[in-house]
Each structure stands twice: as structure tokens, then as C-alpha cells.
Amino acid sequence: MDDGLRVTDRWTVPAAELRERFSRSSGPGGQGVNTTDSRVELSFDLAGTTSLPPVLRERALERLAGRLVDGVLTIAASEHRAQLANREAARERLVALLREAVAPPPPPRRPTRPSRGAKERRLADKKRQSQRKRDRRADGD
């Protein structure tokens with residue numbers, strides 16, 4: 001757990017830049033839920049990190065703008081009864097979120113039009129459906 005988080009082949013978040021807080025978790029656990037600090041809050045200062053190139057940092061800040069509080073990204077995990085399992089879950093979610101945030105943008109969509117055959121098939125299906133409904137009418141129109 002002391003090593004950093006490997007986000008991509010070229011980027012690893014140093015362990016020193018991660019902050020973990022533990023608190024009591026709601027949910028399953030019986031009487032132990034009242035005494036053990038199994039909930040984990042994992043925080044990463046995205047705006048102040050030095051481990052990420054400026055271009056990727058700007059891209060991540062832009063994409064995660066709605067989740068950041070003063071440039072800090074926080075992930076909370078409390079779905080497991082054990083603190084260690086919640087720590088792992090929080091780290092996995094943080095890695096997935098950061099990997100998606102620094103990914104290059106998708107290539108622009110090339111606008112296309114339906115082919116002539118596709119248009120003809122669509123119109124033929126509409127006529128067939130229309131005829132089927134017409135045949136079901138009781139008044140015989």
C-alpha cells in the first residue's frame with residue numbers, strides 16, 4: 001500500500017500525494033459498525049500535483065470539474081465491512097476515474113447519411129406495417 005497508484009503505463013500517482021481519512025461506516029457490520037472506522041475517504045490534489053504533465057492535468061481538471069472541491073478529488077468507499085477492502089475499492093475507483101479523465105479525446109465523428117437502400121427498406125417496412133394495421137380495422141376501410 002505504500003507504493004503509488006499506477007494509473008497508466010507512464011503515470012503513477014505517488015503515495016505521498018494521496019490522503020486517506022477513516023470514519024465510521026453505515027451499512028452492514030452488526031455491532032462492530034459502531035466501533036470500527038471502516039469507511040475510507042481517499043483524496044488526491046489534482047490541481048497541485050507535480051506527477052502529471054500540465055497538458056494532462058488541464059484535461060483532467062476540465063473533465064472532473066464537477067467532482068473537484070478546491071482542486072481536490074475525493075472518493076469515499078464504505079460498501080465493505082473491512083477497512084482494507086474499502087481502501088482497495090477507493091483506490092480502484094480513483095484509478096479508473098483518473099484514467100478516464102486523462103484519456104485522449106475520441107476522434108471527431110464523421111457525419112454520414114443513410115444509403116439509398118436503407119431509405120427504401122425503411123419506407124417499405126412502413127408501408128407493410130401500415131397495410132397490416134389497415135387490414136386489422138373492423139370497419140373495412
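Residues are numbered from 1 along each chain as its sequence is written. In this predicted model, local features need pLDDT of at least 70 and side-chain atom pairs count only at pLDDT 80 or more, whereas totals for chains, interfaces and linings use all residues, and side-chain values use heavy atoms, with hydrogens and water left out.

Me: What makes up the secondary structure of the protein chain?
Reply: The protein chain has 3 helices and 6 strands, where helices (H or I, at least four residues) and strands (E, at least two) are DSSP runs numbered from the N terminus. Along the sequence, the pattern is β-β-β-β-α-β-β-α-α.

Me: Why is the protein chain called more spread out than a compact globule?
Reply: The globule rule is 2.2 Å times the number of residues to the power 0.38, and the radius of gyration is taken over C-alpha atoms. For 141 residues the rule gives 14 Å, but the radius of gyration is 26 Å, well over that value, so the protein chain is more spread out than a compact globule. Its C-alpha atoms fill a box of roughly 75 × 45 × 25 Å along the principal axes.

Me: Why is Thr 49 called buried?
Reply: Buried means under 20% relative accessible area, exposed over 50%, and partly exposed in between (1.4 Å probe, protein chains only). Thr 49 has 2% relative accessibility, and therefore counts as buried. This residue lies in the loop between strand 4 and helix 1. Beyond neighbours within four places in sequence, Thr 49 is in contact (heavy atoms within 4.5 Å) with Glu 17, Phe 44 and Arg 57.

Me: What is the span of helix 2 from its first C-alpha to its last, and what is expected?
Reply: The expected span is 1.5 Å times one less than the number of residues. Helix 2 (residues 83–102) has 20 residues and reaches 29 Å, close to the expected 28 Å. Its buried residues include Leu 94, Leu 97, Leu 98 and Ala 101. Among the elements covering the buried residues are strand 4 (39–45) and helix 1 (54–63).

Me: Which residues touch the most other members of the largest nonpolar core?
Reply: A nonpolar core is a set of buried Ala, Val, Leu, Ile, Met, Phe, Trp, Tyr and Cys residues joined through side-chain atoms within 4.5 Å. Of the 25 residues in the largest one, those touching the most other members are Trp 11, Val 13, Phe 44, Leu 46, Leu 64, Leu 94 and Leu 98. Helix 2 gives the largest share of this core, 8 residues. Leu 64 touches residues including Leu 97, Leu 98 and Ala 101.
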